[in-house]
Amino acid sequence: MRTVGKSLPRTESLDKVTGAAKYAGDESAAGMLHAWIVNSTYAHAKIRRIDTSAAWRSPGVRAILTGEPYPILTGPSLADRPILARERVRYSGEPVAVVVADSEQEAKRAAERIRIEYEPLPVVNSPSQALSRDAPVLHEHLEKIRRYAQVFPVPGTNINNHVKIRKGNMERGWAASDVIIEADFAMPQSDHAAMETRTAQAEIKPDGRVCIYTTSQSPFAVREILHEAFRLSRDQVIVEVPLVGGGYGGKSAVQLELIAYLASRATGGRRVKVINTREQDFVASPVHIGLEARIRFGCTREGKLTAMQMTFLFDSGAYSDQSVIMARAAAEDCTGPYRVDNVHCDSLSLYTNHPFSTSFRGFGHPEMTFPVERGMDLLAKRLGMDPLELRARNAIVPGDTTPTQVPLDESTIGNLPECIRRVKEIIRWEEGRRIEAGPHKIRAKGVACLWKTSSSPVTASSAAAVTFNEDGTVNLHVGSVEMGQGNKTAMKQILAERMKMDPRRIHIKLGVNTEFSPYHWKTVASLSTIMAGRAVLAAADDAIAQLKETASRALKVAPVEVEIAGERAFLKTDPGTGMEIRDIAFGYKPEGGEAFGGQVIGRGNFIFKDLTEMDPETGAGKPGPQWTVAAQAVEVELDTRDYTYRLLRAATVIDAGRVINPGTAVGQIVGGMCMGLSFGSREHFVYSDTGIVLNRQFRSYKTIRYGEQPEYIVEFLQTPYGEGPYGARGIGEYGVIGMPAALANSLSAAAGVELNRLPLLPERIWRAAKEAGR
């Protein structure tokens, strides 16, 4: 390999470190107006009256919007969310009104003068409460709501999706079980906490084109939802995305773009900018999903898993957004990466009066993995067996089937047993899982295994184009979004490998514009390298074929006798005989002859061809192309006096297939591990009894800090995935998935109590220890 497998610097790194990089919030234009959103102060209430008279008297005001004139419901899977609240609000922070003014300060001052009368309603404050008989039904007409995906809401309830997995025979599984454990688990909602808050701009051109400038992971989805909501033709909507300052799934949702469009429409098509404050980004826009879970696992006395039963209650918040699909994703992989013949899972997405949930790195898997991996430790404890040994005995391997009954081979599952073996060595497991490290100090280790497939729609696709410049350099066009993950750099490396050229001679546009960029479903699901990468390979092959055809006519040989490398076309048998690519990329004219060839434009696309919908009753189906597997470990030092603890080491061994760029891959995994430890140890929303988020600032919402980081260790196995570009698998989300569970397993061992609720605050560990009499 010339380029693939090399740690090249990220394409945009110089712009970022020098401050030259431009983000959506940096964009400005002459005459641009500014919008300010008025957010609900109640979690559930009827809107009795909105008085805008004082706001209209404020200087600079151009428009004031409320929800009543816009009876439009939107959503990617279920169209259940109004753009601005109508008749009632369903979460604290929900947009109720918008002021558009000449400046941001004028818009804010006018917004503060709007008076809203509310009539408080009973609040649903948890997923389990959403199921109770006396809980208010938050969406009374679920049967009438338009669906865009395979989801199964239950009218008359707060269930917006119910996913079932039924594999094997549970009675037989329980009968074969010598040991059975049961336990309950919970983790609250939290935030994505991306450095860049969400922002959007909209302008309606005189010819009717709608131009949206936004920080989004899914520009083509923005276009689609605007098309659906306002009956705009797709070619009428142009969505442009520059560099994105972190997304983690949170910027795949479509929200501010719709508000910005309405604001522009209300001001004669003027360009309008709306940007979240940090407080608004925390609670007004979508958040990281919460979960309550109950598990029941059975195994033989030798440690062979015989039955797994799980109930997942996901906190959708006030609207469904992506929570309905995350509930499905968790169900699809509900057993963790283990071989189990008998599986019963009910995964429910439930409406509550919390901020609505959307995609978060791992897409339901960090949440699902927490109870599964805690359950494996509980089983090991009951068996008196080493927790790593129990995992190794049940590790899923080629020849096994998933909970959705998909047969696996080496290409689609990789090598989990080797991941377990290596993480055992790295974390020095044999030294002892729990060691007294001095007065009141206990060092302990915990492990977790993980897997994930993509859960993408069966129609997810990607395209790419390759063009040439007169100096022989290459332009690469893809529609995936660069948000810090190094996606565009990987695309350059894939093309450079195929074209056998220096990647520095390849130009790639960092932003995405739906008018010009090739289509890409979304930059989510750890699929961009696979999907866009395969499209790049197809585009490269198309360009190479055209170059060979032109060169072969010039050299008077067959195309199969021509090689393309080093920006030259030459004879395979005589590399000195040939020509520069720049001399044939726009056609070729021999002396005294007619020109032939023409401009070379390589075109490529990719779509998965064997994905299927799930059976509604059994869950059978193929939800994703392959499963990436990994083993993770965490070592902590606990102070038994006050139950504070230090993170000492964190390790990940992941079967990544062929690693395109090791440097960025390590950064991806370490970043995910940091994120998983952060929300496992401290990140969470604190709700009042009335459903109000109390910690909506970084002063009170705590994330992990620089000095609190452990030593990070990352290793890659490279079992090739047959459909991936050069054998690559998706890895972007995987670092986060097992960290909360591994942390909980290590702290449970250190404190001598079972810790089944996140986050693992010292006070929570202290209370658990006191309740256990320690």
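Okay, let's start with a strand pair: β21, residues 441–452, and β32, residues 628–639, run antiparallel to each other over 12 bridges. Pairing here needs at least two DSSP bridges between the strands, and the strands themselves are DSSP E runs of at least two residues, while helices are H or I runs of at least four, numbered from the N terminus.

Before going on, some housekeeping. This is a predicted model, so to speak of local features we need pLDDT of at least 70, side-chain atom pairs count only at pLDDT 80 or more, and totals for chains, interfaces and linings use all residues. Residues are numbered from 1 along each chain as its sequence is written, and side-chain values use heavy atoms, with hydrogens and water left out.

Back to the strands. β21 and β32 belong to an open sheet of 5 strands, ordered β20-β21-β32-β33-β34, with mixed pairing. β20 (434–438) and β34 (711–717) each have a single partner strand, so they are the edges, with one side of each left without a neighbour in the sheet. From one strand to the next the twist averages 20 degrees.

What packs on this sheet? That's α18, touching β20, β21, β32 and β33 (645–655), with its direction at about 35 degrees to that of β32. Touching means heavy atoms within 4.5 Å.

α18, residues 739–751, also meets α16, residues 662–681: their axes come within 8 Å and cross at roughly 55 degrees. Those axes are lines fitted to C-alpha atoms, for helices over the stretch in contact, with angles from 0 to 180 degrees between N-to-C directions. That makes α16 oblique to α18; under 35 degrees would be roughly parallel, over 145 roughly antiparallel, 65 to 115 roughly perpendicular, and the rest is oblique. On the α16 side the contact includes M673, L677 and F679, and on the α18 side M739, P740 and L743.

Now two other spots. Of the 13 residues in β17, 11 are buried, meaning under 20% relative accessible area with a 1.4 Å probe, protein chains only.

Last one: β3, residues 61–66, has 5 of its 6 residues buried, and pairs antiparallel with β7 (95–101) over 5 bridges.

How values were computed. Buried < 20%, exposed > 50% of the residue type's maximum accessible area, 1.4 Å probe, protein only.
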